Amino acid sequence: MNESIVRLTQTRDLPDGELLALISGPEWEADLAQAADAQRRKWYGTDVYVRGLIEFTNYCKNDCYYCGIRKSNGKADRYRLTEEQILGCCRQGWTLGFRTFVLQGGEDPWYTDERICRIVRAIKGEFPACAVTLSIGEKERESYAAYRAAGADRYLLRHETASDDHYQMLHPASLSLKHRKNCLFTLKELGYQVGSGFMVGSPGQRPEHLLADLRFLQRLQPAMIGIGPYITHPDTPFHDRPSGDLHLTLRMVSILRLMFPYALLPATTALGTIHPRGRELGLQAGANVVMPNLSPVGVREKYSLYENKICTGEEAAECRSCLESRVRLAGYEIVTARGDVKEDIHD
Ligand code: SAH
């Protein structure tokens, strides 16, 4: 076993140079995965938590250069789900054993704070034992506080990239990394279990940017870290930029498990999109969460963040059983539980 990996496992940290060598070195992938899998088993056994993802709107006021539902994509066929449709997704999900519902969408002003709070209250009212996660972008503190008071437990907001120069390459000038980072710290203060994360292989990304992502996460100490490869969408300014690399993404998952052994790390849909066994490989590299799609089949194609997204054709129940066997074949077990983050214990 590579000596840096041993030390990373023991101390959860390494000097910049050694981390960069692990990020950039394909030769360490198997060792990293082995060490990461040992850590995930120590903390979480073979348990895999499921999050039912409800993509409730693809309207967005932002214009992120990489994203297929950006405001300026005139080809996107826009939709919004009603409260009743969202509750319908939750009912189906609950029956299938899902105990977390993730409401994700573009930044859509139609869903005012009042509407979001109503939806959260309705879900928690009907399923008090579930966790509700919101993933609806950058808001002001008062809005986050209102959602929390309405019952929201968790919030996912990837920082996307922790370096200012790179952030500016990926986003229009109206968006700032500083604001996004502030949102994450505010969410923590308000008592949310916070998830952050980044894309791997986004245009202009260098290993130093990934190192900066790790350093930022060390400061934030999130409960969840979602990463996936950047995948090209044809109707964006980045239509001619190549997608991110499977192997680099897997190495990053393993490094994250070693640096944040307690964390919830999803094997993301994007990972499953760039490789037919991407999610299984993600689990074997240290991930412990899967996020099957609970959105109504009729809208799934429309929530097109990137090209060839998987699982757009199947009913929720099919998705659930397909995932169940994939997870089992990879050596793990889907469990019916809220799947809260484990309290960090330093050993
Ligand atoms: N509006 C919400 C949700 C964004 S969509 C927010 O601002 O947080 C969820 C995630 O999809 C994004 O955070 C981004 O990391 C990822 N994503 C968007 N476009 C992508 C692409 N082309 N390839 C891979 N991931 C992408």
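1. A cavity, in this note, is a set of grid points where a 1.4 Å probe fits but cannot get out. With that in hand, welcome to the structure, which is a predicted model. Counting those of 30 Å³ or more, the protein has three cavities. The second largest cavity has a volume of about 40 Å³.

2. Which residues line the second largest cavity? They are F56, T57, G106, D108, Y111, I116, I136 and K139. Sorted by class, this lining is made up of four nonpolar, two polar and two charged residues.

3. Now a step back to the whole chain. The secondary structure comes to 14 helices and nine strands. Along the principal axes, the C-alpha atoms fill a box of roughly 55 × 40 × 40 Å. The radius of gyration is 19 Å, which agrees with the value near 20 Å for a compact globule, because that is what the rule gives for 347 residues.

4. The largest pocket holds about 180 Å³ of space. Its lining brings together K188, Y192, Q193 and V194 with Q221, P222 and A223, and also includes Y262 and the run V341, K342, E343 and D344. By class, the lining of the largest pocket has six nonpolar, two polar and four charged residues.

5. Next, the helix pairs. Two packed helices are described by the angle between their axes and the distance between the axes. For helix 2 (residues 16-24) and helix 9 (residues 207-220), the angle is about 120° and the axes are 10 Å apart. The crossing of helix 2 and helix 9 is right-handed.

6. Where do helix 2 and helix 9 meet? Helix 2 contributes D16, L19, L20, I23 and S24, while helix 9 contributes P207, E208, L210, L211, L214 and R215. Seven nonpolar, one polar and three charged residues make up the contact of helix 2 with helix 9.

7. On the helix 4 side are E83, I86, L87, C90 and R91, and they meet R118, I119, A122, I123 and E126 of helix 5. This contact has six nonpolar residues, no polar ones and four charged ones.

8. Last, a single residue to look up. I310 sits in the loop between helix 13 (297-300) and helix 14 (316-330). Which residues does I310 contact, leaving aside neighbours within four places in sequence? The contacts of I310 are T269, G272, T273 and R279. As for D113, I310 is 197 residues from D113 in sequence and 31 Å from D113 in space, C-alpha to C-alpha.

Technical notes
Residues numbered from 1 in each chain as written. Predicted model: local features only at pLDDT ≥ 70, side-chain atom pairs only at ≥ 80, totals over all residues. Heavy atoms only, no water. Axes fitted to C-alpha atoms, helices over the stretch in contact; angles between N-to-C directions. Helix = DSSP H or I, 4+ residues; strand = E, 2+ residues; numbered from the N terminus. Left-handed = near helix turned anticlockwise from the far one by under 90°. Contact = heavy atoms within 4.5 Å. Nonpolar A, V, L, I, M, F, W, Y, C, P; charged D, E, K, R; others polar. 1 Å grid on protein atoms, 1.4 Å probe; cavity = no way out; pocket = protein on both sides within 12 Å on 5 of 7 lines; lining within 4 Å. Points joined across faces, edges and corners; volume = space filled by probe spheres on them. Rg over C-alpha atoms; globule rule 2.2 N^0.38 Å.
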